[in-house]
Amino acid sequence: MYTLHHYPYSQHARRVVSLLEEAGLDYELRHVAMDKGEYLTASYQAINPNYQVPTFLDGDTKIHESNAILRYLCIKHGLTNWYPDDLKQRAVVEQWLDWNQCRLSPSVVDIVVNKVFMGDKGDFDAVKRGEENIKELFVILDDWLTERDYLAGGKPTIADLSVASNIFQLGIADVVPTHSNINNWYQRVSEIEGFQKSLPRENDS
Ligand SMILES: N[C@@H](CCC(=O)N[C@@H](CS)C(=O)NCC(=O)O)C(=O)O
C-alpha cells in the first residue's frame, strides 16, 4: 500500500492520484492541511525538506517531485501505456513533463496562488505577469495539439495527466483557454476516470 501526502487543491498531488487510480494501485491519502500551514511543520519537513505537497511513500522510499513519482510508478509497475518504452515517444512525454514544470507551472502558481489562495495579500503584479506569460504558453500548447489527440500522439500518457492538472488549476482562477485544440484535448483528458477521481470535491478544503 502506497501513501500519498496530498491536498485536494494541489495540482501536483492530483496528477499522482490520477495515475494511481488509472493503474488500480492500492494507496492511502494523508491529508496535509495546507490551508492551516501543516506543510510548514517540522514533522512534514522530515518527509519533504521542500515543505511542499505531494510526498509519496513506498515503504522506506520517500519521493517528492510529482513528475518523478509518476515516472517511478510507471517504471515499477511496467505501465508502458502511460510511459511508453519507445525512446522517441518517451522523449515527447519527457518534453511535456518538463515543459509543464519549467514553463507552465511558474505562471500557474503566479496566477492561482496570488489570485485565489492569498486573498487580499496576493501579489497582483505576479498575477499580471502570469496572465501575460500564459498567453504565449497556450499558443505553444495549442499548436502542438493541432495534429494530435494527446501530447504524445493517439493515447494519453502521464504527460497529459500532468499538464491537464495545471489546466484545471487555472480554471480555479477563472483562466480558461479559448484555444480549440487545447479545449478539445482537455475534454478528452477530463473523460479519463482517474483524472475525474483526482478532482477536488465541493466540500474539500
Ligand atoms: N515541483 C514540485 C512542486 C510542488 C508544489 O509546488 N506543491 C505546492 C502545492 S500544489 C506546494 O506545496 N506549495 C507550497 C510552497 O511551495 O511553499 C512537484 O512537482 O511536486
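Helices in this report are DSSP runs of type H or I with at least four residues, numbered from the N terminus. Asn-203 is found in the segment after one of them, helix H8 (193-198). The structure is a predicted model, in which local features need pLDDT of at least 70 and side-chain atom pairs count only at pLDDT 80 or more, while totals for chains, interfaces and linings use all residues. Residue numbers run from 1 along each chain as its sequence is written.

Asn-203 is exposed because 6 other C-beta atoms lie within 10 Å of its own, where exposed stands for 12 or fewer such neighbours, buried for 20 or more, and partly exposed for counts in between, with C-beta atoms placed from the backbone. The C-alpha atom of Asn-203 is separated by 25 Å from that of Thr-41, the two residues being 162 apart along the chain.

**Domains and their contact**

The domain assignment of the protein chain gives domain 1 (2-80) and domain 2 (87-196), with bounds that come from an automatic or database assignment. Taken over C-alpha atoms, the centres of domain 1 and domain 2 are 20 Å apart. Their contact takes 10 residues from domain 1 and 13 residues from domain 2, two residues being in contact if their C-beta atoms, placed from the backbone, lie within 7 Å. On the side of domain 1 that touches domain 2, helix H1 (11-23) and helix H3 (66-77) each supply at least two residues, and the largest share, seven residues, comes from H1.

**Surroundings of the ligand**

There are 13 residues around the ligand, of which Ser-10, His-12, Gln-52, Val-53 and Ser-66 come nearest; a residue counts as near if its C-beta atom, placed from the backbone, lies within 6 Å of the molecule. H1 and H3 each supply at least two residues of this shell.

**Packing of H4 and H5**

Helix H4 (residues 87-117) and helix H5 (residues 124-144) pack at an angle of about 140 degrees, and their axes are 8 Å apart. Axes here are lines fitted to C-alpha atoms, for helices over the stretch in contact, and angles run from 0 to 180 degrees between N-to-C directions. Among the residues that meet are Leu-104 and Ile-111 in H4 and Phe-124 and Leu-137 in H5.

**Residue classes**

| Group | Residues by class |
|---|---|
| Side of domain 1 that touches domain 2 | three nonpolar, three polar, four charged residues |
| Shell around the ligand | four nonpolar, eight polar, one charged residues |
| Contact of H4 with H5 | seven nonpolar, four polar, five charged residues |

How values were computed. Nonpolar A, V, L, I, M, F, W, Y, C, P; charged D, E, K, R; others polar.
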